[in-house]
Amino acid sequence: RDLARRHSFRIIPAIEVTNLGRAIEKLRSKGVKFVSEVDEGEHVRLIDFEDPDGNRLQLFEFKMGREH
């Protein structure tokens with residue numbers, strides 16, 4: 001899986017979180033629509049979702065020991 005190639009054709013605003021699983025659970029409980037599964041890169045985990053207007057956004061977390 002080539003994470004960079006799959007996400008390089010569009011710019012998606014990204015929000016850094018410290019616990020991706022917890023953030024996903026919280027947003028799902030509020031009815032947020034996720035449009036991808038959690039994707040794993042070498043340094044990050046991420047997932048795409050839509051805001052109420054249908055704009056695509058992204059949550060991401062750095063993997064332990066791999067912070068910027």
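Which residue stands opposite Phe49 in strand 5? It is Leu57, and the legends below place this pair and its surroundings within a predicted model.

The model is predicted, so local features need pLDDT of at least 70 and side-chain atom pairs count only at pLDDT 80 or more, whereas totals for chains, interfaces and linings use all residues. Residues are numbered from 1 along each chain as its sequence is written, and side-chain values use heavy atoms, with hydrogens and water left out.

**View 1. The protein chain as a whole.** The protein chain holds two helices and five strands, arranged from the N terminus as α-β-α-β-β-β-β; helices (H or I, at least four residues) and strands (E, at least two) are DSSP runs, numbered from the N terminus. Of the 68 residues, 28% are buried, where buried means under 20% relative accessible area, exposed over 50%, and partly exposed in between (1.4 Å probe, protein chains only). The chain exposes about 5,100 Å², of which carbon and sulfur atoms supply 51%, with areas from the Shrake-Rupley method and a 1.4 Å probe; for residues, only the protein chains shown count as cover.

**View 2. Strand 5 and its partners.** Strand 5 (residues 56-62) is mostly covered, with five of its seven residues buried. Strand 1 (residues 14-16) pairs with strand 5 in the parallel sense over three bridges, and Ala14 stands opposite Gln58; two strands pair if DSSP finds at least two bridges between them. Strand 4 pairs with strand 5 in the antiparallel sense over seven bridges, and here Phe49 stands opposite Leu57. Strands 4 and 5 form a hairpin with five residues between them, and Gly54 in the turn has a positive phi of about 85°.

**View 3. Leu20 in helix 2.** Leu20 lies in helix 2 (residues 20-29) and counts as buried because its relative accessibility is 0%. Leaving aside residues up to four places away in sequence, Leu20 touches Val38, Arg45, Leu46, Ile47, Leu59, Phe60 and Glu61, a contact being heavy atoms within 4.5 Å. Leu20 and Leu46 are 26 residues apart along the chain, and their C-alpha atoms are separated by 7.6 Å.

**View 4. Glu42 in a loop.** Glu42 is found in the loop between strand 3 (39-40) and strand 4 (44-50), and this residue is classed as exposed because its relative accessible area is 57%. The C-alpha atoms of Glu42 and Phe62 are separated by 9.4 Å, with the two residues 20 apart along the chain.
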